[in-house]
Amino acid sequence: MAIDYIELPVETRTDFGKGASRRARRDGYIPAVLYGHGEEPRHLLLPRHEGFLALRNPNQLLRLTEGDNSEMALPKDIQRNPLKEEIVHVDLILVRRGERVTVDVWIDVIGEPAPDHAHVMDVTSIPVEADALDLPETVQIDLTGRTAGEHVYAPDVILPEGVTIDLEDDFLIATVDEIVEQDLGEEAEADEGEVPTVAEEAAENDAE
């Protein structure tokens with residue numbers, strides 16, 4: 001499934017500097033800069049609440065609107081305040097249909113390994129290349145019936161049409177192993193049998 005765009009109203013920003021950025025955030029905006037297509041960078045203001053919701057997905061396709069004009073963009077860098085749930089600045093890049101970009105996407109696991117088996121993910125996301133206006137939300141790996149010692153490599157990833165990955169064939173995605181259950185009760189009884197009681201220790205000391 002491709003990522004749908006979110007429409008976001010923007011305003012051109014005319015004040016610059018740290019002080020201006022603080023004022024913008026105080027007034028309910030996120031300072032942003034829009035790059036791309038050989039044009040001069042443009043300084044924008046995004047509405048804070050709508051921008052925060054839209055940018056929860058770092059690959060979210062945005063339709064930036066200002067008056068009668070609109071442009072498509074992708075987040076390039078999102079700076080967040082580590083102490084607060086807020087975005088302090090965003091770098092955006094202009095995109096057009098037919099333009100290919102590389103983004104990281106999450107890996108979805110489908111299917112179940114063989115009974116009494118489990119899998120371990122070596123990575124949870126991978127870089128993919130796709131049309132900027134048709135980015136996938138996720139890619140998939142299928143573990144149906146896989147048994148101990150089987151591995152999932154880059155060529156095993158299920159990709160939507162038009163999406164490619166630039167990873168070596170031996171790039172490891174996941175490993176399947178057998179579930180080993182231990183009887184902790186038996187281990188505990190065995191341990192208790194090896195440890196002498198207080199009475200036994202006293203008897204040994206008297207004998208000495």
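The model is predicted, so local features need pLDDT of at least 70 and side-chain atom pairs count only at pLDDT 80 or more, while totals for chains, interfaces and linings use all residues. Residues are numbered from 1 along each chain as its sequence is written, and side-chain values use heavy atoms, leaving out hydrogens and water.

First, the whole chain. The protein chain has 4 helices and 13 strands; these are DSSP runs numbered from the N terminus, H or I of at least four residues for helices and E of at least two for strands. Of its 208 residues, 31% count as buried. Buried means under 20% relative accessible area, exposed means over 50%, and partly exposed lies in between, with a 1.4 Å probe and protein chains only. Take contacts, meaning heavy atoms within 4.5 Å, between residues at least 6 apart in sequence: 61% of them join residues at least 24 apart.

Next, helix α1, residues 18-26. Ala 20, Ser 21 and Ala 24 are buried there. Seen down the axis of α1, the buried residues fall within an arc of 100°, so they line one face of the helix; the arc is that of the directions from the helix axis to the C-beta atoms. An α-helix has 3.6 residues a turn, so residues three or four places apart point the same way. The buried residues of α1 pack against β3 (29-35) and β4 (42-47). On the face turned away from them are the exposed residues Lys 18, Arg 22 and Arg 26. Just after α1 comes Gly 28, with a positive phi of about 95°.

Now His 117, in strand β9 (residues 117-121). Is His 117 buried or exposed? His 117 counts as buried, at 17% relative accessibility. Its side chain reaches the backbone oxygen of Pro 115 at 2.8 Å. Beyond neighbours within four places in sequence, the contacts of His 117 include Arg 146 and Val 176.

Last, salt bridges: a side-chain nitrogen of Lys or Arg within 4 Å of a carboxyl oxygen of Asp or Glu. The count by this rule is 5. One of them pairs Glu 7 with Arg 63 at 3.3 Å, N to O. That pair links distant parts of the chain, strand β1 (residues 6-9) and strand β5 (residues 62-66), 56 residues apart. Glu 150 also bridges to Arg 146, with the closest N and O atoms 3.4 Å apart. Arg 146 counts as buried at 17% relative accessibility, whereas Glu 150, at 28%, counts as partly exposed.

Methods. Polar contact = N/O pair within 3.5 Å; in protein donor to acceptor, adjacent residues only side chain to side chain.
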